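Colleague: Please put the model up on the screen, and I will ask my questions as we go.

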Amino acid sequence: MNQVYEKLMECYESVKDRLPFKPKAALVLGSGLGDYGDQFEIEAAIDYHEIAGFPVSTVAGHRGRFLFAHIEGVPVVMMQGRVHYYEGYSMTDVVLPIRLMRLMGSEVLFLTNAAGGVNYKFQAGDFMMITDQIASFVPSPLIGPNLEELGVRFCDMSQVYDRRLQELIRQSARELSIPIQEGVYVQLTGPAYETPAEVRMVRALGGDAVGMSTACEAVAASHMRMRVCGISCISNLACGMTDQPLSHEEVNETANRRAPLFRSLVTRIISHIGEEQEG
Ligand code: HPA
């Protein structure tokens, strides 16, 4: 058996009897949303350390566990803490948790992150609904023998970010009177922030926000035919757009400041996802 698939199935075997329910949606909690799960009754928690071979984040402040809760009645599995390619993991390890949440039953993947704003119309603290992405700067998690059990070799990417979910995001933001930008997310490897020249490159390529995660996860999810949606918290304007140097502290500070609003937006969207799936 293929090693990547074998590892995925081993991880699945070790969690499958601990799931309190079959999740409808999988939610990846990015910077600022780490505590999102605290407001709900957690029905099960599985620490990444408890899953043999599972990639564990090395970034300070990134907790690593799956949380299971009903959010507005919708069964959701949350990833509290993700791993990044720059930590040294292979791309197949980086997306293993996404694949696992799909095997658990999740049909929808809701990605969140903090990202640098590249579009001059954006301000630090804005939210941006991801409408499309550029993942060409990082290796594809689909490189290697195709895992036929998961999806097809040449997978269609014409609508990675599901149009109906995008409409639910717009609707939710409107209902809560939260302004929301829209744009293209570009994943670079990091861990260094971009140079001003790289930021100009991203803008010239049609990017609106830049970050070090997310797009590879959306690729793996598309392969497994999940419906994907995503929101970035624009934690800063990207390098060179202001006079100030960029720091991880600034990124965290803004993401944390915007967290209460981000949390309510995410919850509202999930409640609409629940209604949609009920028909
Ligand atoms: N660049 C890359 N990743 C980021 C940034 C940025 O400016 N802000 C938050 N994550």
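Colleague: Is Glu 72 buried or exposed?

Modeller: Glu 72 counts as exposed, because its relative accessibility is 54%, where exposed means over 50%, buried means under 20% and partly exposed lies in between, with a 1.4 Å probe and only the protein chains as cover. Please keep in mind that this is a predicted model, in which local features need pLDDT of at least 70 and side-chain atom pairs count only at pLDDT 80 or more, while totals for chains, interfaces and linings use all residues. Residues are numbered from 1 along each chain as its sequence is written, and side-chain values use heavy atoms, with hydrogens and water left out.

Colleague: Where does Glu 72 lie, then?

Modeller: Glu 72 lies in the loop between β3 (65-71) and β4 (74-80); strands here are DSSP runs of E with at least two residues, helices are runs of H or I with at least four, and both are numbered from the N terminus.

Colleague: What is the phi of Glu 72?

Modeller: Its phi is positive, at about 50°, although Glu 72 is not a glycine. Most residues other than glycine have a negative phi. Ser 177 is a further case, with a positive phi near 55°; Ser 177 sits in the loop between α4 (163-175) and β7, and with a relative accessible area of 63% Ser 177 is exposed.

Colleague: Which peptide bond is cis?

Modeller: The bond from Gly 190 to Pro 191 is cis, with omega near 0°, and Pro 191 belongs to the loop between β7 (181-187) and α5 (196-204).

Colleague: What lies 2.7 Å from a nitrogen atom of the ligand?

Modeller: That is a polar side-chain atom of Asn 236, whereas a backbone N or O atom of Gly 116 lies 3.3 Å from a ligand nitrogen and a backbone N or O atom of Ala 114 lies 3.4 Å from a ligand nitrogen. Taken alone the ligand exposes 260 Å², and the protein buries 95% of that, with areas from the Shrake-Rupley method and a 1.4 Å probe.

Colleague: Why is helix α6 largely enclosed by the rest of the structure?

Modeller: Because 9 of the 9 residues of α6 (residues 215-223) are buried, including Ala 215, Cys 216, Glu 217 and Ser 222. His 223 is found in α6 and counts as buried at 3% relative accessibility; its C-alpha atom is separated by 9.5 Å from that of Leu 147, 76 residues apart along the chain. Just after α6, Arg 225 takes a positive phi of about 60°.

Colleague: How many residues of α3 are buried?

Modeller: In α3 (residues 96-103), 6 of the 8 residues are buried, so this helix too is largely enclosed by the rest of the structure. They are Leu 96, Pro 97, Ile 98, Arg 99, Leu 100 and Met 101, and just after α3, Gly 105 takes a positive phi of about 125°.

Colleague: One last topic: is Thr 92 buried or exposed?

Modeller: Thr 92 counts as buried, at 19% relative accessibility. Thr 92 is found in helix α2 (residues 91-94), and its C-alpha atom and that of Pro 139, 47 residues apart along the chain, are separated by 9.8 Å.

Colleague: And where is Leu 33 found?

Modeller: Leu 33 is in the loop between β1 (25-29) and β2 (44-47), and Leu 33 is buried, with a relative accessible area of 0%. The C-alpha atoms of Leu 33 and Asp 156, which are 123 residues apart along the chain, are separated by 30 Å.

Note on methods. Polar contact = N/O pair within 3.5 Å; in protein donor to acceptor, adjacent residues only side chain to side chain.
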